[in-house]
Amino acid sequence: MAETGELKAFHEALLSARKILAVVGAGVSVASGLQTFRGANGLWRNYSAIDLATPDAFHIDPGLVWQFYSSRRFQALRSKPNRAHYALAELSQRLGDKFMCLTQNVDGLHQRAGHVGKLLELHGSLFRLKCTEFFCEYVDEDNREHPLVPALAGCEDEFVKKRNVPTAAPDRKKRRKVEPVADKPAEPVSPEFKPVKTIPEGDLPHCPKCKKGLLRPGVVWFGESIPIKLLDQADAFIADTETPVDLVLVIGTSGTVWPANGYVEQVKNKGGKVAIFNIEMNYKDDSFGDFKFQGDCSELLPEVLEPLIGSEFVPRDWKRR
Ligand code: BJW
């Protein structure tokens, strides 16, 4: 936690900010049991999560990439929002249009915590499905079935200690909706090497509209463009000189991916203050942030945002790990 003087200065910036931007990354969902991309946890069956998040990986082996995303969908569905998600959701409710959250996360936990208003999922959603056929525009915006097809059953618990596996284990013969059943979020562990099964393309999810195209996860992979509509909304929020963004909260992200990291720079270059919340102070160089809060953001955010959000916003059934 920051020195008292730094916290006081941060609170002054927080309370006087005309608009606030949050740029959020995978670290925010760690307390919910989900893993980050980079570092020791960014592995899936000995593949780098980064290498699997590319159009090339999907082109070369869609079965491999689908198993990775099927596992991620399952993990996200069975996890619960944590205190960081609830703190940001409360901020969104209190500040309305004066707050925008740019999340790089695709797990849907912000919405499940009650986030309202300007929440932009820059990198898409695990629960959106899109057809890969060029002329087919099929999109399923909110599909929470698991497994999507029988061939995708069996790769659910890669990162999960056995004691946290839900009592209602997935019925691999039937498709079903996954309910979050564990009070305690699953804890990520280093995955051991397990060979990945080969799935013929015909057994993967296909488009119900054109009946031809392979479906893909509606996420934004490296080299793909973030939807222009989202970029325009983010630009408009930051470019508005009448009501500038005076503070950007950079939460649980390594800041290595563009354009998300570019928005932090833009606010800084326009004279806004930067507050970094991270378990490790690895964001850019040492001099980058005006305020630095090192630690688990699910612990830090509710505390440092308290002057704006109060302390009564976390649901009663939320359990600390
Ligand atoms: C905690 C914590 C706790 C842990 N509490 N903290 C060369 C130079 C510059 C740019 C480029 C370049 N070459 C290519 C580019 C552009 C490229 C890019 O940025 N590449 C860089 C890697 C170099 N960007 C793109 O390609 C983007 N598109 C684009 O630029 O389009 C241009 C275009 C225009 C028009 C037409 C065509 C193209 C798209 C980027 C999409 C990124 N996609 C992914 C996958 C999404 C789907 C999925 O989830 O699977 O997004 S990759 C991956 O990285 C994922 C994440 O959202 C993203 C960011 O990662 P994040 O969230 O920061 O996670 P980590 O793991 O890196 O960090 C976690 C942090 O949490 C760490 O700091 C921990 O310490 C911390 N932490 N526990 C607080 N408890």
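Just after α5, Gly96 takes a positive phi of about 55°. The model is a predicted one, so to speak of local features takes a pLDDT of at least 70 and side-chain atom pairs count only at pLDDT 80 or more, while totals for chains, interfaces and linings use all residues. Numbering runs from 1 along each chain as its sequence is written, and side-chain values use heavy atoms, with hydrogens and water left out.

Helices here are DSSP runs of H or I with at least four residues, and strands are runs of E with at least two, numbered from the N terminus.

As for cover, 11 of the 13 residues of α5 are buried (under 20% relative accessible area, 1.4 Å probe, protein chains only). They pack against elements including β1 (19-24), β4 (99-103) and β11 (245-251), contact being heavy atoms within 4.5 Å.

Turning to the ligand, 32 residues surround it, the closest being Arg38, Tyr69, Thr253, Ser254 and Asn278 (a heavy atom within 4 Å). A polar side-chain atom of Ser254 sits 2.5 Å from a ligand oxygen, and a polar backbone atom of Trp258 is 2.7 Å from an oxygen atom of the ligand. Taken alone the ligand exposes 1,500 Å², of which the protein buries 74% (Shrake-Rupley, 1.4 Å probe).

Technical notes:
Polar contact = N/O pair within 3.5 Å; in protein donor to acceptor, adjacent residues only side chain to side chain. Buried < 20%, exposed > 50% of the residue type's maximum accessible area, 1.4 Å probe, protein only.
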